[in-house]
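Student: I'm new to this one. Can you walk me through it?
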Amino acid sequence: MKRSELLVNITVIVLGAAVLFFLVKTYRATRNSSAAVQEPRAGDQLPAIPGVDWKANDRTLLLALKKGCHYCEDSMPFYRQLAQLSEQNALKANLVAVFPDSSADVDAIAKTEKLSLRTVPNVPLDTLKIPGTPTIFLADRSGKIIQDWIGVLSDQQQQQLLALLQVEKPANTGSASVSSNCDAQKPCGAQ
């Protein structure tokens, strides 16, 4: 074997080993980083968030949003609906939106989107261990997750969430007073 062939073979082996080393190192780094970040699920404890008092309400519906997230923007009509229900005391949860963005950015988003709800700026979303925005958590009074939704909700998911949280309105009987002279033969209010 000539010296030049030997040199080429050694070079190919060294380069192959370097590429293999790089691929293994990249695979391990990716695997370790994805294993370290586990998405929170039902039963997991949410961290303390400044401005959010879990104990103040039986349930808290926490929206995790951020500036520039087009999925968040696409979901704004639903968030406005939730905010309106909250203002009418027709939601069985305290509604709060957290953002990683500055107060000025959050105020601008709320104003532009006509989003009337309590917002908490400057919340690093990695502390919530969420994979992306939007994410919604329903938490109990200890901050434990009851249920979570990640991404844009389908119409069916929105209806399920509303059914879960919307306060039932009492049936309207149509009469202001009810006669106490009622029995099975003579319905209440009948003459």
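Student: OK, how many of the residues of the protein chain count as buried?
Tutor: Of its 191 residues, 29% count as buried, meaning under 20% relative accessible area with a 1.4 Å probe and protein chains only (exposed is over 50%, partly exposed in between). This is a predicted model, where local features need pLDDT of at least 70, side-chain atom pairs count only at pLDDT 80 or more, and totals for chains, interfaces and linings use all residues. Residues are numbered from 1 along each chain as its sequence is written, and side-chain values use heavy atoms, with hydrogens and water left out.

Student: What does the protein chain average in pLDDT?
Tutor: The average is 81, and 80% of the residues score at least 70. pLDDT is the predictor's confidence in each residue, from 0 to 100.

Student: Which element has the lowest mean?
Tutor: Helix H1 (residues 3-36), at 70, while strand S1 (residues 59-64) has the highest, 96. Helices (H or I, at least four residues) and strands (E, at least two) are DSSP runs, numbered from the N terminus.

Student: Where does pLDDT stay under 50?
Tutor: Residues 32-36 are one such stretch, with zero contacts beyond four places in sequence. Residues 170-191 are also under 50, with six such contacts. Contact means heavy atoms within 4.5 Å.

Student: New topic. How many helices and strands?
Tutor: Five helices and five strands, in the order α-β-α-α-β-α-β-β-β-α.

Student: And Gln158, buried or exposed?
Tutor: Gln158 sits in helix H5 (residues 155-165) and is buried, at 17% relative accessible area.

Student: What is Gln158 in contact with, leaving aside neighbours within four places in sequence?
Tutor: Phe78 and Leu153.
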